[in-house]
Amino acid sequence: MSAVSSRRALRRPPITVSQEDFDRLYALAEAAADRQPELAENLLGELDRAKVLPAGKLRSAVVAMGSRVTFEDEVTGKVQTVELVYPGEADIAAGRISILTPIGVALIGLSAGQSISWETRGGERRQLKVHAVEERS
């Protein structure tokens, strides 16, 4: 990969979060800082760069807490649908992934059609593309 394409792969797409999600996730990240410092720092970084809107102004095609998201791992080609939830609601077998996971942090605030580069817990760089977002019910 050339230096230019490497920089392009690391460029973060614009993201949007609701004020309610921002407030709850910021507090969650601060509370997790001692137990999961790297994830907490990554989540805070994403929140710091996010455009924050009142809940009623957030488009339904944006990944928010409680959204069902269909995305593709552009490295493996695997497509999956998950629900983005708070840690206490997480259940991998039921397709509910915690915001306090590398992929949860990568997904928050993205819109259908956007791609983002993220790093697995094992340090492997991956690329995912959001295909569809369903609003929380």
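Where does threonine 120 lie? I looked this one up to start the notebook, and threonine 120 turns out to be in the loop between E6 and strand E7 (125–134).

**Ground rules.** I am working with a predicted model, where local features need pLDDT of at least 70 and side-chain atom pairs count only at pLDDT 80 or more, while totals for chains, interfaces and linings use all residues. Residues are numbered from 1 along each chain as its sequence is written, and side-chain values use heavy atoms, with hydrogens and water left out.

**Entry 1: threonine 120, continued.** I checked its accessibility: at 17%, threonine 120 counts as buried (buried is under 20% relative accessible area, exposed is over 50%, partly exposed is in between, with a 1.4 Å probe and protein chains only). I then listed its contacts (heavy atoms within 4.5 Å). Not counting residues up to four places away in sequence, threonine 120 touches Pro102 and Arg126.

**Entry 2: the whole chain.** I counted 4 helices and 7 strands in the protein chain (DSSP runs numbered from the N terminus, helices being H or I with at least four residues and strands being E with at least two). Read from the N terminus, the order is α-β-α-α-β-β-β-β-α-β-β. I compared the radius of gyration, taken over C-alpha atoms, with the globule rule of 2.2 Å times the number of residues to the power 0.38. For 137 residues a compact globule would come near 14 Å, and the protein chain has 14 Å, so the two agree. The C-alpha trace spans about 40 × 35 × 30 Å along its principal axes. Of the 137 residues, 42% are buried. I also noted that 55% of the contacts with a separation of 6 or more are between residues 24 or more positions apart. The accessible surface is about 7500 Å², and carbon and sulfur atoms hold 49% of that (Shrake-Rupley method, 1.4 Å probe; for residues, only the protein chains shown count as cover).

**Entry 3: helix H2.** I took H2, residues 19–32, and found that its 14 residues reach 20 Å from first C-alpha to last, close to the 20 Å expected at 1.5 Å a residue (the expected span is 1.5 Å times one less than the number of residues). Which residues of H2 are buried? They are Asp21, Phe22, Leu25, Leu28, Ala29 and Ala32. Seen down the axis of H2, these buried residues fall within an arc of 135°, so they line one face of the helix (the arc is that of the directions from the helix axis to the C-beta atoms). A reminder to myself: an α-helix has 3.6 residues a turn, so residues three or four places apart point the same way. Glu30 and Ala31 are exposed on the other side of H2. The buried residues of H2 pack against strand E1 (16–18), helix H3 (37–49) and strand E2 (51–53).

**Entry 4: leucine 100.** I found leucine 100 in the loop between strand E5 (96–98) and helix H4 (102–107). Is leucine 100 buried or exposed? At 5% relative accessibility, leucine 100 counts as buried. Leaving aside neighbours within four places in sequence, leucine 100 contacts Leu28, Ala32, Gln36, Leu39, Leu43, Pro87 and Arg121.

Entry 5: Threonine 70 sits in strand E3 (residues 68–73) and is buried, with a relative accessible area of 18%. Its side chain is joined to that of threonine 81 by a polar contact of 2.7 Å (a pair of N or O atoms within 3.5 Å; within protein, one must be able to donate a hydrogen and the other to accept it, and residues adjacent in sequence count only if both atoms are side-chain atoms). Beyond four places in sequence, threonine 70 touches Val79, Gln80, Thr81, Lys129, Val130, His131 and Ala132. Valine 79 lies in strand E4 (residues 79–85) and is partly exposed at 48% relative accessible area.
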